[in-house]
Amino acid sequence: MSYRVRYTKAARDDLVRLYQFILERDMQAARRAREAINQSIGFLRELPFTCRKALSDNPFLRELVTPFGASGYVALFEIEDNETVTILAIRHQREDDYH
């Protein structure tokens, strides 16, 4: 079974913000980060239930960790049904609001 992955507007805004932040510092790193995130998001098409639960009482709200350099990114997503995964937010692990 293959899931369709979709993004909320907030998640798309997160991707743009993260990409612009790293692009201002290092164009090659920005390209590598984008590729790493895209590759890990592709993983959700096949195995979303293998990702860690975001809340212990909700088996459908999960987090996908994307390693990158000394830290990485975390995508919060929800398994909507048998066919759809929705990415709700994406954060860098070193952001102030990352928990």
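## Start with the sheet

Color by secondary structure and pick out the five strands: they form an open sheet in the order β1-β5-β4-β3-β2, with mixed pairing. Helices (H or I, at least four residues) and strands (E, at least two) are DSSP runs, numbered from the N terminus, and two strands pair if DSSP finds at least two bridges between them. Now look at the edges: β1 and β2 (52-55) sit there, each pairing on one side only. From one strand to the next, the twist averages 40 degrees.

Before going further, a word on what you're looking at. This is a predicted model, in which local features need pLDDT of at least 70 and side-chain atom pairs count only at pLDDT 80 or more, while totals for chains, interfaces and linings use all residues. Residues are numbered from 1 along each chain as its sequence is written, and side-chain values use heavy atoms, with hydrogens and water left out.

Color by pLDDT, the predictor's confidence in each residue, from 0 to 100. The protein chain averages 93, and 96% of the residues score at least 70.

## Walk along the strands

Select β2 and β3 next. They pair in the antiparallel sense over three bridges, and a hairpin joins them through two residues. Show Arg-52 and you'll find it opposite Glu-63 in β3.

Move on to β3 (residues 58-68) and β4 (residues 71-79), which run antiparallel and are joined by eight bridges. Two pairs to click on here: Val-65 stands opposite Val-74 in β4, and Phe-68 has Ser-71 as its bridge partner. At the turn, which has two residues between the strands, Gly-69 takes a positive phi near 65 degrees.

Ala-75 has its bridge partner, Ile-90, in β5.

How many of β4's nine residues are buried? Seven of them are, and the strand is mostly covered. Here buried means under 20% relative accessible area, exposed over 50%, and partly exposed in between (1.4 Å probe, protein chains only).

## Bring in the helices

For the angles, axes are lines fitted to C-alpha atoms, for helices over the stretch in contact, and angles run from 0 to 180 degrees between N-to-C directions.

## Look inside

Now select Ile-41, Leu-44, Phe-77 and Ile-87: of the 22 residues in the largest nonpolar core, these touch the most other members. Such a core is a set of buried Ala, Val, Leu, Ile, Met, Phe, Trp, Tyr and Cys residues joined through side-chain atoms within 4.5 Å. α1, α2, β3, β4 and β5 each give two or more residues to this core, and α2 supplies the largest share, seven residues.

Zoom in on Ile-87. Leaving aside neighbours within four places in sequence, its contacts include Val-5, Ala-11, Ile-41, Leu-44 and Phe-77.

Select Thr-66, in strand β3. Thr-66 is buried, with a relative accessible area of 5%, and its side chain makes a 2.5 Å polar contact with that of Ser-40. (A polar contact is a pair of N or O atoms within 3.5 Å; within protein, one must be able to donate a hydrogen and the other to accept it, and residues adjacent in sequence count only if both atoms are side-chain atoms.)

Click on Ser-40, in helix α2. Ser-40 is buried as well, at 12%.

Last stop: Asp-26, in the loop between α1 and α2. Asp-26 is partly exposed, at 33%, and its side chain reaches the backbone nitrogen of Ala-29 at 3.1 Å.

Methods
Contact means heavy atoms within 4.5 Å.
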